Amino acid sequence: MPHPRTGQPFCSPVPPGSGWPGDPAKRTTPVARAAADVEVLAAGARSLPVLDAEVSVCRACPRLVTWREDVAVQKRRAFADQPYWGRPIPGWGTRRPRVLIVGLAPAAHGANRTGRVFTGDRSGDQLFAALFRAGLVSAGVSVDAADGLSTEAVRIVAPVRCAPPANKPTPEERTTCAPWLTAEWQRVRPSVRVVVALGGFAWQVAAGLVADELAAGPKPVFGHGAQVRLTSGAVLLGCYHPSQQNMFTGRLTPAMLDDVFTTAARIAGKETGPRRR
């Protein structure tokens, strides 16, 4: 079926190296088929693009592979005429981010469809609108991997790279996927001034990434707007996840998102001021 923007036809799920916009992989990219493979490939990736490519072809969790590919074939009725990416989602953004955003996992008909993290669902709509208002990305919408969106300040990552059934990866799946994020953090860490954790689980993951930079004392407690100064001078910043439920119930509002990301922009030294839609 044709890509909704480029018109180029693709199978669904999309084979690596077939020309999908932004696909970091080639047909020859090594494939992790077990947890041990993930550890070896993540540790040995010589650059961030190589790591992204290896993430995007991972097949180490059989349940997640089956689910993401079944979704890519069955699809949602609204997207029945589109090909689905149907593969793991690599991080998106600059290779030298000042703001690292940690999410949860891809949405079945969002990133699993478009191939870009937080893109194609309502959570992504809220996130990118707030990032744009804070001056951190080039546009307020993220539609697909060929829409031209760019950033000089941000990288967005997920602790679990495949869309999980019922949005709930198992503890084993989280553990298997963890080396990808650890390796990504090691490569972007020198430039990061702010780590924004979207939700309590992301906060736990982010706190683990920066564990050696936490001051002695109790573990930091998650809360919306919570700030933890790290020994490196960087900041861990909490934010409720921009899920449809949180936005619909008012637990999280656009103004609350703006508070977090304008704070992140200020700490990161991105003093462009807020933008409006």
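## The largest pocket

In this predicted model, the largest pocket is lined by 31 residues, and P106, A107, D121, S123 and N167 lie nearest its centre. A pocket is an open set of points on a 1 Å grid over the protein atoms alone, with protein on both sides within 12 Å along at least five of seven lines, and lining residues have an atom within 4 Å of a point. The volume of the largest pocket is about 720 Å³, a volume being the space filled by probe spheres set on the points, which are joined across faces, edges and corners.

Helix α5 (residues 122-133) supplies the largest share of this lining, three residues. Helices (H or I, at least four residues) and strands (E, at least two) are DSSP runs, numbered from the N terminus. By class, the lining of the largest pocket holds 16 nonpolar, nine polar and six charged residues. Here Ala, Val, Leu, Ile, Met, Phe, Trp, Tyr, Cys and Pro count as nonpolar, Asp, Glu, Lys and Arg as charged, and the others, Gly among them, as polar.

## The second largest pocket

The second largest pocket has a volume of about 330 Å³. Its lining comprises 16 residues, with G22, D52, G91, W92 and G93 closest to its centre. Two or more lining residues come from each of α2 (48-55) and β1 (92-93), and α2 gives the most, with three. This lining divides into seven nonpolar, four polar and five charged residues.

## Salt bridges

Twelve salt bridges are found in the whole structure; the term denotes a side-chain nitrogen of Lys or Arg within 4 Å of a carboxyl oxygen of Asp or Glu. In one of them, E173 pairs with R63, their closest N and O atoms being 2.8 Å apart. This pair links distant parts of the chain, E173 lying in helix α6 (residues 171-188) and R63 in helix α3, 110 residues apart. E173 is buried, with a relative accessible area of 7%, whereas R63 is partly exposed at 35%. Buried means under 20% relative accessible area, exposed over 50%, and partly exposed in between (1.4 Å probe, protein chains only).

R161 and E184 form another salt bridge, at 2.7 Å between the closest N and O atoms. Both residues are buried. D52, R155, R161 and E184 are linked in a network of salt bridges.

## Basis of the values

Residues are numbered from 1 along each chain as its sequence is written, and side-chain values use heavy atoms, with hydrogens and water left out. As the model is predicted, local features need pLDDT of at least 70 and side-chain atom pairs count only at pLDDT 80 or more, while totals for chains, interfaces and linings use all residues.

Note on methods: 1 Å grid on protein atoms, 1.4 Å probe; cavity = no way out; pocket = protein on both sides within 12 Å on 5 of 7 lines; lining within 4 Å.
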